[in-house]
Amino acid sequence: QVQLVESGGDSVQTGGSLRLSCAVSGRIFSIGAMGWYRQAPGKQRELVAIITSGGSTLHGDSVKGRFTISRDNAKNTVYLQMNSLKPEDTALYYCNVVARETGTPGDRRYWGQGTQVTVSS
């Protein structure tokens, strides 16, 4: 199995910063794209940022210039540095990884359980 463990969610004030981490463990053969999504109450889950295995990144329009995704392949970990946080960034943030488990024929998408980010004005 492949497990994703997220950390770093917290409550902060407007303008604050947080760094989310997502560590991937288990019977990993390979990891492809890694990303972060978020879901606020009453809203659909939306893409925050993704990073390919080669390091190319894509950030959602609402977070461009404020959030930065990165990864450490040696640690099988993806990060999300969040600066200049706004109340509208309040959401449950989910890690998403495309990975191949050892002994299986193809890639699968895996989701973390989510970490809460709350930004107060």
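## Strand pairing and the open sheet

Glu6 has Cys22 of strand S3 as its bridge partner. The model described here is predicted. Strand S1 and strand S3 (residues 18–26) run antiparallel and are joined by six bridges.

Both strands belong to an open sheet of four strands, arranged in the order S1-S3-S8-S7 with antiparallel pairing. Strand S1 (2–7) and strand S7 (67–72) form the edges of this sheet, each pairing on one side only. On average, neighbouring strands of the sheet are turned by 15° against each other, direction ignored.

## Aromatic pairs

The structure contains two aromatic pairs. The pair of Tyr94 and Trp111 is edge-to-face, because the ring planes stand at 85°, with the centres 6.4 Å apart. Tyr94 belongs to strand S9 (residues 91–101) and Trp111 to strand S10 (residues 108–111), so this pair ties together parts that are 17 residues apart in sequence.

Ring pairs also bring Tyr37 into a cluster with Tyr94 and Trp111. Is Tyr94 buried or exposed? Its relative accessibility is 12%, so Tyr94 counts as buried, the cut-off being under 20%. Trp111, with a relative accessible area of 37%, is partly exposed.

## Arginines over ring faces

Trp111 also has a charged neighbour: Arg45 lies over the face of Trp111, at 4.6 Å from the ring centre. A further arrangement of this kind involves Arg19, which lies over the face of Tyr79 at 4.0 Å from the ring centre.

Conventions:
Residues numbered from 1 in each chain as written. Predicted model: local features only at pLDDT ≥ 70, side-chain atom pairs only at ≥ 80, totals over all residues. Heavy atoms only, no water. Phe/Tyr/Trp six-rings, centres within 6.5 Å; stacked < 30°, edge-to-face > 60°. Helix = DSSP H or I, 4+ residues; strand = E, 2+ residues; numbered from the N terminus. Buried < 20%, exposed > 50% of the residue type's maximum accessible area, 1.4 Å probe, protein only. Lys NZ or Arg CZ within 6 Å of the ring centre and 35° of its normal. Pairing = 2+ DSSP bridges. Axes fitted to C-alpha atoms, helices over the stretch in contact; angles between N-to-C directions.
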